[in-house]
Amino acid sequence: MQMFAPEAASASPHTAKPIITLNGVTKTYGNGTTALRDVDLAIGQSEFVSLLGPSGCGKSTLLRLIAGLGEISAGRIDWPQTAHTARGEPEHDIGFVFQEPTLMPWATVFDNVYLPLKLKRMSRRQAAPIIRDALTKVGLENFGKAYPRELSGGMKMRVSIARGLITRPSVLLMDEPFAALDEITRFRLNDDLLAMWAGQHWTVIFVTHSVYESVYLSDRIVVMGARPGRVTADIRIDEPYPRSEAFRLSSRYNDYCRLVSAALHETMT
Ligand SMILES: Nc1ncnc2c1ncn2[C@@H]1O[C@H](COP(=O)(O)OP(=O)(O)OP(=O)(O)O)[C@@H](O)[C@H]1O
């Protein structure tokens, strides 16, 4: 595996304690497909990590296993900083945002965002200020009463992000959330996501196919290769936040994109 580490140690979050560790994680599906083999990875608290790799290299599988959806075939995933229930299950809150906003079409924006709190048995009255705050953060404060069919693709994705964040999770898992959006909307949501992350500093694990998006957003890019899915490079984007259009237009951004593209190319050939 290639490691691209910066010369100088940078301040947190790079030096943060791991919040999730994967050791020798292997996943073989019932049909015999080995989606992941021997994945070792430590995700630091408050890191913004992108998983980048060709189609079928196991990015979504990895995200789902971290979310506790599906059995691991070998190896282990640990949450070293998290308390455990009496049954040994980690007590962490995870937010999940999918590529499709997956909103309930019959429910208003308010009710869509309310769902995770409702599942936690919080009353509408108690939840209302929390939902208003979340909708304000994603720029939809005036759309609580709207239905999904009345929203653009970007707005639906904002609702999905508000719903993913409503329980104030310590880890937000995002599976190609902006892949279906046009470039302008995507850039805007990239900026909004970074602004929210700067305020809260949850840990983000972000799956993408886009080198450009991963370099803009992440402080670390984990490149994966296929057949079997494994980590082939771990690249730090040692560039301060907040990031802006100036970073996107800078030569450093270009250099990082070239470096990451080369690592991706290598894994595919
Ligand atoms: N439920 C399943 N049953 C059997 N095989 C599966 C299942 N889910 C995924 N796979 C296989 O596991 C491998 C990894 O799939 P996964 O969706 O994790 O990759 P990915 O990197 O997220 O792909 P993409 O970028 O195209 O979304 C693929 O070969 C896929 O066909």
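Predicted model: local features only at pLDDT ≥ 70, side-chain atom pairs only at ≥ 80, totals over all residues.
Let me start with the layout. Twelve residues from domain 1 and nine residues from domain 2 make the contact. Look at the domain 1 side. Two elements give two or more residues there: β7 and α5 (183–200). Helix α5 gives the most, with four residues. By type, that side of domain 1 has nine nonpolar residues, two polar and one charged.

Now the core. The largest nonpolar core has 65 residues. Which residues have the most contacts inside it? They are Val-113, Ala-162, Leu-173, Ile-205, Val-223 and Val-260. Where does this core lie relative to the domains? It lies between them, because domain 1 and domain 2 both give residues to it. As a general point, nonpolar side chains tend to be buried together in soluble globular proteins.

Take Leu-173 from that list. Set aside its neighbours within four places in sequence. Leu-173 then touches Leu-63, Ile-66, Ala-67, Ile-94, Gly-95, Phe-96 and Ile-205. Three of those names, Ile-94, Gly-95 and Phe-96, bring us to strand β6, residues 94–97. Strand β6 pairs with strand β7, residues 171–175. The pairing is parallel, over four bridges. Leu-173 is the bridge partner of Phe-96. In β6, Ile-94 and Phe-96 point one way, while Gly-95 and Val-97 point the other. In a regular strand, side chains alternate between the two faces of the sheet. Here, all four β6 residues are buried.

Next, Val-223, also on the core list. Strand β9, residues 220–225, pairs with strand β10, residues 230–236. This pairing is antiparallel, over six bridges. Val-223 stands opposite Ala-233 in β10. Four residues sit between the two strands of the hairpin. In that turn, Arg-227 has a positive phi of about 50°.

Over to helix α1, residues 59–66. Is α1 mostly covered or mostly open? Mostly covered: six of its eight residues are buried. The buried ones are Lys-59, Thr-61, Leu-62, Leu-63, Leu-65 and Ile-66. Leu-63 and Ile-66 are among the contacts of Leu-173. Just after the helix, Gly-68 takes a positive phi of about 85°.

The shell around the ligand has 13 residues. Which of them come nearest? Tyr-29, Ala-35, Ser-55, Ser-60 and Thr-61 do. Helix α1 gives the largest share of the shell, three residues. The shell divides into three nonpolar residues, nine polar and one charged.

One last stop, in helix α2, residues 109–119. Tyr-114 lies in this helix. Why does Tyr-114 count as buried? It has 22 other C-beta atoms within 10 Å, and the cut-off is 20 or more. Leaving out neighbours within four places in sequence, Tyr-114 is in contact with Arg-124, Ala-127 and Ile-131. Arg-163 is 49 residues away along the chain, yet the C-alpha atoms of Tyr-114 and Arg-163 are separated by 7.2 Å.

Technical notes: Residues numbered from 1 in each chain as written. Buried ≥ 20, exposed ≤ 12 C-beta atoms within 10 Å, placed from the backbone. Pairing = 2+ DSSP bridges. Contact = placed C-beta atoms within 7 Å. Nonpolar A, V, L, I, M, F, W, Y, C, P; charged D, E, K, R; others polar. Near = placed C-beta within 6 Å. Core = buried A, V, L, I, M, F, W, Y, C linked by C-beta atoms within 7 Å. Domains from an automatic or database assignment.
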